[in-house]
Amino acid sequence: MASLYPLEAINLVLRHARNSPFYRNHLPSTRLQSWKDFKRLPFLRKEDLRQQSPEGLVCVPRQKVLQYHETSATTGDPVSVWYSGESMARIHTQLAEWGVGFHEEDRVLIRFPYALSSIAHFVQAAVHRKQACVIAADTGTPITPLPRVVQLMRKLQVSVLATLSLQAVVIAEAAEMAGLDTRRDFPHLRAICCGGEPLTPYRRQLLHEIWGVPVYDNYGMTETGPQAMDCAQHGLHPWGDFWMEVLDDRLEQEVAQGETGNLVVTSLTPEATPMIRYVTGDRVRLLTRPCACGQNTTLQVRGRADDILWVQDKPFDLWELQAIVSKLPSRRFWKAAAEPRRLRFIVEKERDGDQIQPGLLEQLRQDHGVQVWVDLVPKGTLYDRNEPVAFGRPGKPSYTCTPAELAALVDASRPPRLEQMEAAR
């Protein structure tokens, strides 16, 4: 049973939240007496945030607000989030203790979007807390296309690369296109720090193989700021600034300890825009096990609930999709779709000779319980290398699509038939 301390912290946050027009009507006016009372609180959903943006959830006076951010708006209108000086100071201080161990000799190249997104600003402030140097290489501007990022990493002897895990793969591809060896020609690089998308153990291993350095993760979102980060032993531990519920698909009951469910978070500190029972849309596991760093809780982020693929009543989240990709001869760039009787992947070849070995698809069927089909396609099918700005700005990572979209990508990758070439003359 949860201790009373978080409940007291939640009561303080509820009292604070009622300063906002939205929460004043959304929340009960009385104190919570038990966890049963807490579970009666209404959920906060992204649509609520959209409707209340920009200032409907702000709980502090205007002069207390020091920073503004918005979500990427890839699935609808952007969500507004405000931060007070106290909140930012706490985030910067905690993030500065990331397991990578920032220090004054570091040169950290930040390859996150800066405009309106929050993660680049938080990482930059955390790096500065440790007196390390920041190199801002925003993904959202043509000023720092991929070739220039590669040049900066070598010229400035970058020791830490902070970026999306997919972007770290893209940068490696650009370096190889320039004739460089990622494990040999970046001798000062000592670590990669990831955020902005779930980092599965399979993607972590891929990045380690490509770059030859350890990879550190952090978890959060624009709506909440960071919620968890890797320790030095690569355990993703919650910060304790949020009460985390892991609920079933109906959002009615907590799942059993260690089971996968839907993450719902509640602020335990008085934020400028606190989140109270916010349905994040992420599928997670909360594992209770001792870590060498002294923490006892580890967060495993499985991916977005909206991105789950269903094949014959079996769900496949990002974690399991990347587990399948990890067994393939090419693993860098891919998409997946759920067909009626099989799970289908399109994967860009990394080498001309890459091919599916006999027996692999049958082994994948046995391991994952459904038929798996893989189309290996030429480089450039998913990401055009001829346009370095577009290639370096793949947007928010997306690994799933509809069967029709995947089939169209496969068809487009095939050389034109003779009759088509004749007709084009």
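**Entry 1: terms and overall form**

I take helices and strands as DSSP runs numbered from the N terminus, a helix having at least four residues (H or I) and a strand at least two (E). The model I am looking at is predicted. I looked up its elements and noted 14 helices and 18 strands in the protein. Along the principal axes, I noted a span of about 75 × 50 × 50 Å for the C-alpha trace.

I looked up P54 and placed it in the loop between α4 (46–52) and β1 (65–70). The peptide bond that joins S53 to P54 is cis, with omega at about 10 degrees.

I then turned to H234, in the loop between β8 (225–230) and β9. H234 is not a glycine, yet its phi is positive, at about 70 degrees.

**Entry 2: G196**

Where does G196 lie? I found G196 in the loop that runs between β6 (191–194) and α9. Which residues is G196 in contact with, leaving aside neighbours within four places in sequence? I noted I119 and L164. I also checked G196 against F112: they are 84 residues apart along the chain, and their C-alpha atoms are separated by 8.5 Å.

**Entry 3: salt bridges**

Side chains of opposite charge can pair when their charged atoms come close. I counted salt bridges in the model and got 30. One of them joins D241 to R90, with the closest N and O atoms 3.3 Å apart. R90 sits in helix α5 (residues 85–95) and D241 in the loop between β9 (236–238) and β10 (242–247), so this pair ties together parts that are 151 residues apart in sequence.

**Entry 4: the two domains**

I took the domain assignment as domain 1 (83–304) and domain 2 (308–420). Their C-alpha centres are 26 Å apart. I asked how many residues each domain brings to the contact. Domain 1 brings 31 residues and domain 2 brings 23.

The area buried between domain 1 and domain 2 is about 2600 Å², and 59% of it is on carbon and sulfur atoms. Which three residues supply more than any other three of the area that domain 1 buries against domain 2? I have E173, Y202 and R302, with 24% of that area.

**Entry 5: pairs across the domain interface**

I counted six salt bridges between domain 1 and domain 2. E173, already noted for its share of the buried area, forms a salt bridge with K379, and the closest N and O atoms of the two are 3.1 Å apart. For polar contacts across the interface of domain 1 and domain 2, I found 11 residue pairs.

**Entry 6: what makes up the domain 1 side**

I looked up which elements each supply at least two residues of the side of domain 1 that touches domain 2. I listed α7 (146–155), α8 (165–177), α9 (201–211) and β13 (297–304). α8 gives the most to this side, with seven residues. Sorted by class, this side of domain 1 has 15 nonpolar, seven polar and nine charged residues.

Conventions:
Residues are numbered from 1 along each chain as its sequence is written. This is a predicted model: local features need pLDDT of at least 70, side-chain atom pairs count only at pLDDT 80 or more; totals for chains, interfaces and linings use all residues. Side-chain values use heavy atoms; hydrogens and water are left out. Domain bounds come from an automatic or database domain assignment. Contact means heavy atoms within 4.5 Å. Buried area is the accessible area (1.4 Å probe) that two parts lose on being put together, summed over both. A salt bridge is a side-chain nitrogen of Lys or Arg within 4 Å of a carboxyl oxygen of Asp or Glu. A polar contact is a pair of N or O atoms within 3.5 Å; within protein, one must be able to donate a hydrogen and the other to accept it, and residues adjacent in sequence count only if both atoms are side-chain atoms. Ala, Val, Leu, Ile, Met, Phe, Trp, Tyr, Cys and Pro count as nonpolar, Asp, Glu, Lys and Arg as charged, and the others, Gly among them, as polar.
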